[in-house]
Amino acid sequence: MSTLDQCPSTHNKIDIPEDAPELGTVSGRKYWRSMEEYSATPEFKELLEREFPVDASIMDDTSRRSFIKVMGASMALAGAATIPGCRRPDRKILPYASNVPEHVIPGRPLFFATAMALPSGGMEGLLVETHAGRPTKIEGNPLHPNNQGKTSAYAQSSILDLYDPDRLKYPVFNNSTRGKLAATWDDFDVWANEQLPKFDATQGAGLAFVVDKQSSPTRDRLFMQIQQRWPQAAFVAWDPAENRGQADGSKSVLGQPSWTRYNLSKASRILSIGEGQIDQGPEAMRLARELAASRKLLSHTDEMSRLYAVESKPSSIGVMADHRFRVAPSQLHNFTIALAKAVLLKTAGSGHLLPDVDVAGVSSTEIQAIANDLFEHRSHAVVLPSDSLNADTWALCQVINDALKATDEGLVEFFPMSPQVASNSSHSLARLNNFLNQGKIDTLICLGTNPVYDAPGFIDFAANFAKAKNTITLSVGASETASASTWSLNGAHYLESWNSAQSIDGQMAITQPMIAPLYDPARSEVEFLAGLLTAGDDHADKPDGYKIVQDSIRDIMGLGSAEIGKIWKNALHNGVVASPTIQSTKKPLNPERLIRGIATRGAKPAPAQSHLDVQFYTDRYNVGQSANNGWLQELPEFGTSVVWDNPLLLSPNTAKSLGVLPLHTSQDEFNPYTKAQMPQAQLVNITLNGRTMIMPAWILPGMADNTVAIKLGYGRTNAGRVGNQVGFNSFDVKTITGMLTAGATITKAKDTYTIASTQNHWSMEGRDTIVRAMDKNWFDKHAEAGIKAVPDQIYGAFSPDATSYLNTAEQLGELAHTPPNISAYENPQTGSKAGAAAGSAFSKNPQWGMSIDMNACTGCATCTVACQSENNIPVVGKSEVAKGREMAWIRIDRYFTGDDLNNPEEIFNQPLACVHCENAPCETVCPVNATTHGKEGTNDIAYNRCIGTRYCANNCPYKVRRFNFFDYAPVKFNGGLDPNYTSKAVADKFEDTVGQDRTANQNLIPPRLRKKLDEISKMKFNPDVTVRSRGVIEKCTYCIQRVNSARQDVKIQGIWSEKDQVGPIPDGFFEVACQQACPTDAIAFGDILDPNSRVSKERDSHRTYALLGYLNTKPRTTHMMRVRNPNPAIHVFDAHDPLDHSGGHDDGKKSGSHGSDSHEPAADTHGESHSAVFTDSVKQYLDQGYSLSLKVIS
Amino acid sequence: MHGLQPGEQPVARSTPLIPGTSDDGTLSEDTGKRAPCVLGDRSFEDVTNIVCGYAEAKMPKPWLAALTITSSIAALGTGMILYLIITGVGVWGLNNQVDWAWDITNFVFWIGIGHAGTLISAILCLLKQNWRTAVNRSAEAMTIFAVVCAGIFPGIHVGRVWFAWFLAPIPNSNGIWPNFRSPLLWDVFAVSTYATVSLLFWYMGMIPDVATLRDRAYMRLTKGVSRPMAIPMPIGNDIIVPQLPKPDQIRVLIYGIMSLGWRFSSRHWHRYEKAYLILAGISTPLVLSVHSIVSFDFATSIIPGWHTTIFPPYFVAGAVFGGFAMVLWLMIPLRLILPNFSDLLTKRHLENMAKILLLTGTMVGFAYGMEFFIAWYSGNEFEFSVFANNRVNPAKAPYWWAYWTMIFCNVATPQLFWFRKMRQNPLVIWIVASFVTVGMWFERFVIIVTSIHRAFLPGEWHMFFPTWVDILTFVGSCGIFMTLFLLFLKFLPVFALAELKVVMPQSHTHDDH
């Protein structure tokens, strides 16, 4: 503790409340040397009588008083700001801003750079906003080359894990005879000093580690030292959702397991095989950014790439694609073979060696067309295989890349993978499991892993885990493994600890703590490992993360102690240590053997009802570790929009033919939502490799037929009150064969199961003007022709010959066909078009606006969780979502279009928050003036004034206003699944009744009978934003707190000449939360009157349209229509000019071939009830690309 | 003139009434002649005894049973309201797409019910429809009670009930006024004006009859002591008040206060008649304005299915329709439970009201058709979709059954009244009135919920399902309504005595009816 002296709070040792028994708090090392000796002491005698109850926690149910006592008396909470810095970490860390304030200014946040290691390799560079020493918001580090100021949803939500009230709070010793005992780290040190040195004799035999695959150079260095001390110790790098494609595939063609980096900035033709490339993984952020950039365009002169996607399950990359093919997991292999053959035959390669294969889902002409297109654009064409593919397929994709000269041109780069990451964790764990079973393991140490929960079901790891004599788990959150261990140690969150992280090219960054551990003392992984290294040495110093990390950086970079000081400071400040240290390998590919091997092994059979293909997948890196994170639980899953669950997903036709469609009404076969208040899924038994489990079946349009997608990471039993019993533990049926497998069968089970989804309708109902889209050739033509003058009254003045000027996207919508709207009433806003005309009420800078580019939106929903974090949006729980009461301010609408829901023609994402109408329908109807218009064009809401009539929400055509039906934010949340929400007596009663129903909604209990939010959970709130009570409406504010803060900052800097001036605010001076987080920069926000701002440039684009603009709402948030770049040899979406309404399109939009399965017999389409049209009489308008017309008059 | 003694019944009819038959003499086979408004050769005293009788005698058992049931339901409803207030609006089935459902449906439903009373008392008074005298008092009472129920829902449906006073234009330190552009605020003014005027109208009309009750209460207690009419007010009078039993003292006291010193002087009558006429004049535009303004809640919005210019007249017609249905629905059982009233509330009245049902029902049906036509004619796909796909089309609309229930109840069933036999049969009328009441509730449900559950953007479509709290709150409001009405039957004069006597044959020397 000698170095930890700067903060007064650390002077006070943790003060465990009276009712928690203690194990030698007075530092047992002076009094006993072994367990046997210790058991004779009076302390232990006393302990026996006060056995610590299982799973009780010290911090639970604390009053404010005892909380402060635990945290240290001088702990600074909001309001107790006398020593505002005292929860800051003890080491000097440097604020991000170059203009460092002398001290913390109360009320102003400070930003610090740090880094978060991703679960299976790679990292994200972050900036953390801290208020009075308390981190409140994660943002991307703009200086970090990988994510460049952007983040993933996983990083955004990681701050909630820090304030998880169910975290492990102190070490627990599980004595086999006396149960679980509260202990201290001193106790553990004494125990470790006693127990671990015995492995010195065996060289570590009998000792085993199960660690995750994070790439931390510091940790790797410590592991090397541990291996030096105990060379015989077994190490398992465990990733429960491991994809082998990249590691094994690169090994087979390069001879060495490698990371792959795709540089899409040079690519004009991109083929994606499989899913997840831009969602998860060390390169996902970069890939998403570059992919989106290649598809953005403002005018007809801009180029865009062409993206093909072949995938089993709708994913973000498939949704962005110009051509998307539904192909079962096994057939992805066949597809790749067929494509490789087509490409290699053109390049004098070894294509002739490959067999001719059938691909279910893609015709050979289509494959040929793709191959032709890629080949014609060789050197600028690249194939992006998913990691989840098998090694052969993945390697074959690189062979294609090589043939397309992508590798030569630097579109594909390989970086050597560390052996730890490359190791096959399923095999290692299986071997460890055998050792455990044979009793060869004496002591097992689990570091950040949870194998008791997530080991594949068939190896029965939990039973063997108990066979080890001693098990030690270091974990931040509660876990099944920690609970089963001899020693359960409380780890430090990455925001509380020193560490380092590394990207695949060796770019290092330092993880620096933002706050001292909330449950001090806690140890980070590196401190714990360093402690193991000195086990047995009673006089060793306590491990100090700061020193360990600094030493390791110095060691790795080969620096002297003088140099490190300077580099260290820079690194802390910038969040990036130095330029990349790992060179990309230039090894030539060796495809010959691979191709011969593939030819021998042959194609894979297509799946059928009796043996379904199975795709295991994870969402947002969650393999279960995020179970207790309410933000991630309530973040709608891509495609299904399901929250709080992991139903197995089937295509509509597959579900129908298996007879497991969710309960539905007679009207809507594939939309089950109208049957009951909470949508009901059919429970099914899924059998895979001899193991059976029960899961709900849910349909997802666009899934490959005869394919089951199963999400991992649910069904936790010991995650905390939010995550317990949410969903189903699909690790039960997971095998070690990887994430794609085959041979499952499904039978209908008896019951149904509630599923909550934030979007209850698949189709856009033919309302083509909501998400507008146009093929690039037509867009180029019309954008070049420029704006079109049409007689239109809606935006014009009164005279009947007034003219409106519509850009291309607007010509596609209602405004081009709206009849004159002659009104006797002069609207005071009429002078202001959505562009804020000069002289109007909105002609003074700044006037805020937002533009959302639907070519760039991947639907990742990072904006949603960033908004949730910034604006203190509560989590409402599964049953509330099922009733349609989710609170997210920005949502992603997802639509499937086309006549066949089973095989949708296109899938659209449309992010939508309050659009801040200049002519807002909500403002006129509020009876108490609670929602009014700001001078800067924002639609403001005064929570204090709102009485909750909800009239504004009813009158909002976009339905973006959210009502606090209950006291969501101020009352303790438990996931909506667990009934332990009231006093024990009440809870007992509910245990028998409501508690039996897993969807029981604790909100129905009057708030006075429920617990208030605990102090720890309150710390997550952004102090700049009000926490709303029940009974008020809320919605997107354009981050008004950030706007106001920016205005003050600009004023202080003195760039405004006049005293009363309040604008302009320079573009990019600040960003709103969703914009800041968006990995693909799909969201632009700024001053629409500033001609140089990004938002005004986007608004000038021919792609921009106002959603439902014909209502004359004049939204400030506009959307940019999607422009597709299809391959005419495969399919064009607009066979005729979409702006030509002269008729004659009776042959429909489909031309060219669109895959054999898109022309299934009409009997199979079921499109009638939910396809694009309302009635046949209306359909003809819809087909013409517009939907509002006066047929009778004209 | 003296009150009934305990146990004494109002004068029995010479020929007993058999409900459902024509032997009650209400039907005149001679089409040129109308049936009399009061049957059974009743004398003036008989009429007074009948009207005041239930207030003085013990109520029949069915009334007691009904009161027990309805007051229990009312208590349940009150419990639901308390639960709602302490827990949150989320105990209802509302969500972020359907922000109004049963709450506003019930509000508009009850407000609509309240229309018949004012229409009967004001417009029919001005039009000199003398048959109205039999039903006007109870219809007005029904209006008041319906407005009470209607007032509950907007009051409790807001998220923060304790701040509902923000709706009032009260000067405050922040200088914040209500938003006068909001139709919801217009509602506050319209409904409160309507409630005030209706209450005044009802109460003022009752004063002479309450005075009669007061006098009779006094006189039946001083049985045998003859007292001149000139000094009917016993309180504070120098005449020695005999020692009365406690309940009777209270009756005298309360009726005495309520009658505001009414002494049946011709000057009183003169002023009474004038005031009555003025209030009728004031009420008449209110009949039209209240429901027009309620309809503005929807008509001024931009939600397809709400944004409809036909709403004001359509809502008024619907309200009259629903109101008369409720009057009939109450009056027909009333004739059974309190049989003495059958001579005053005859089939002629029922038939007249059935004709109004037929008229307004057809108007409402026309409005439904026009609404649909305009939605199609406008060519606006969002508009048309709400009508075609949210409501009408059983193959697409999840709430199609609500729409077709509405059409069947409101448009189809009143067509029975084209047939004389049907509109003269109390049972048939009662059944149709029940259907219409249900149908009118569904009309509001259809307008509110089916419009907003699937509005512009399919991404936000969501169903509404009522919770048990929704249902019990509505049932509870029915309980409150019925309880108040049953108490009215017991404690207040159900008929306007003076007006009733004016239309009795005895008051006409000539035989023009």
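Analyst: What follows sets values against cut-offs for this predicted model.

User: Start with chain B. What makes up its secondary structure?
Analyst: Chain B has 16 helices and 0 strands. Buried residues account for 60% of its 513 residues. Its accessible surface is about 19600 Å², and carbon and sulfur atoms hold 71% of that. Among its contacts with a separation of 6 or more, 81% link residues 24 or more positions apart.

User: How do you know whether Asp103(B) is buried or exposed?
Analyst: Buried means under 20% relative accessible area. Asp103(B) has 2%, so Asp103(B) is buried. The residue lies in helix H3 of chain B, residues 102-113.

User: Why is the pairing of Arg950(A) and Asp103(B) called a salt bridge?
Analyst: The rule asks for a side-chain nitrogen of Lys or Arg within 4 Å of a carboxyl oxygen of Asp or Glu. Here the N to O distance is 3.0 Å between the side chains of Arg950(A) and Asp103(B). The pair therefore meets the rule and is a salt bridge.

User: What makes the pairing of Asp103(B) and Arg950(A) a polar contact as well?
Analyst: The limit for a pair of N or O atoms is 3.5 Å. The side chains of Asp103(B) and Arg950(A) are joined at 3.0 Å, so the pair passes that limit.

User: What else does Asp103(B) touch, leaving out residues up to four places away in sequence?
Analyst: Besides Arg950(A), Asp103(B) touches Trp92(B), Leu94(B), Phe153(B) and His157(B). Its side chain also reaches the backbone nitrogen of Ala101(B) at 2.8 Å. Val158(B) is 55 residues from Asp103(B) in sequence, with 9.7 Å between their C-alpha atoms.

User: How many salt bridges does the rule find between chain A and chain B?
Analyst: It finds 4 across the interface. On the side of chain A that touches chain B, the elements giving two or more residues include helix H28 (878-882), strand E31 (891-897) and helix H37 (1176-1183). There are also 40 residue pairs in polar contact between chain A and chain B.

User: What is the area buried between chain A and chain B?
Analyst: The size of an interface is often given as the accessible area lost when the parts come together. For chain A and chain B that is about 6300 Å², with 54% from carbon and sulfur atoms. The contact takes 83 residues from chain A and 74 residues from chain B.

User: Now chain A. Why is Arg1124(A) called buried?
Analyst: Its relative accessibility is 7%. The cut-off is under 20%, so the label buried applies to Arg1124(A). Arg1124(A) sits in strand E40, residues 1122-1124 of chain A. A 2.7 Å polar contact joins its side chain to that of Glu906(A). Among the other residues Arg1124(A) touches are Met304(A), Asp322(A), Phe908(A) and Asp1134(A).

Terms used: Residues are numbered from 1 along each chain as its sequence is written. Chains are lettered from A and ligands numbered from 1 in the order in which they are written. This is a predicted model: local features need pLDDT of at least 70, side-chain atom pairs count only at pLDDT 80 or more; totals for chains, interfaces and linings use all residues. Side-chain values use heavy atoms; hydrogens and water are left out. Contact means heavy atoms within 4.5 Å. Buried area is the accessible area (1.4 Å probe) that two parts lose on being put together, summed over both. A polar contact is a pair of N or O atoms within 3.5 Å; within protein, one must be able to donate a hydrogen and the other to accept it, and residues adjacent in sequence count only if both atoms are side-chain atoms. Helices (H or I, at least four residues) and strands (E, at least two) are DSSP runs, numbered from the N terminus. Buried means under 20% relative accessible area, exposed over 50%, partly exposed in between (1.4 Å probe, protein chains only). Accessible areas come from the Shrake-Rupley method with a 1.4 Å probe; for residues, only the protein chains shown count as cover.
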